[in-house]
Amino acid sequence: MEFIASVQGLTAIAIGMMVGLGSIGACLGIAIMGAKFLESAARQPELVPMLQGRMFLLAGLIDAAFIIALAVGLLFAFGNPLLGELTSRMVG
């Protein structure tokens, strides 16, 4: 039982790190990309429509990486496959 509690505790720490570091990375990535977009729009205003479309595409890709990490974290939080394997080996 102590081993299962240890796995649950380490899983909670891993979930926090995945969600926390993923959100920090996504925020920094979008902030840097937005700053570079504003710089390039100020230098060449005629390219704003093309750059804006590419900026939104990249923002979606950056957010997708964070959302995937969030989904994996929720999987481990509510339906931990590690614990299912451990309990089946301990019972059987």
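Select T11 and the residues around it: leaving out residues up to four places away in sequence, T11 touches F76, N80 and L82, where contact means heavy atoms within 4.5 Å. T11 sits in helix α1; helices (H or I, at least four residues) and strands (E, at least two) are DSSP runs, numbered from the N terminus. T11 counts as buried because its relative accessibility is 11%. Buried is under 20% relative accessible area, exposed over 50%, and partly exposed in between (1.4 Å probe, protein chains only).

Before going on, note that this is a predicted model, in which local features need pLDDT of at least 70 and side-chain atom pairs count only at pLDDT 80 or more, while totals for chains, interfaces and linings use all residues. Residues are numbered from 1 along each chain as its sequence is written, and side-chain values use heavy atoms, with hydrogens and water left out.

Next, select residues 2–43, which form α1. From first C-alpha to last, the 42 residues of α1 reach 61 Å, close to the 62 Å expected at 1.5 Å a residue; the expected span is 1.5 Å times one less than the number of residues. Buried positions in α1 include I4, V7, I15 and F37.

Now colour L10, I13, M17, L21, I24, L28 and I32, which make a nonpolar surface patch of about 740 Å². Patches are made of residues with over 30% relative accessible area and no salt bridge, with like charges joined within 9 Å and nonpolar side chains (Val, Leu, Ile, Met, Phe, Trp, Tyr) within 5 Å. A salt bridge is a side-chain nitrogen of Lys or Arg within 4 Å of a carboxyl oxygen of Asp or Glu. Areas come from the Shrake-Rupley method with a 1.4 Å probe; for residues, only the protein chains shown count as cover. An α-helix has 3.6 residues a turn, so residues three or four places apart point the same way.

Move to E46, in the loop between α1 and α2. E46 is exposed because its relative accessible area is 59%.

Then select α2, residues 48–78. Its buried residues are M55, A59, A69 and G73, and they pack against α1.

Last, select residues 12–35 and 56–78, listed as "transmembrane region" in an unreviewed UniProt entry; UniProt positions follow the numbering used here, feature names are shortened, and annotations may be inferred rather than shown by experiment. Residues 12–35 are 100% helix, with end C-alpha atoms 34 Å apart.
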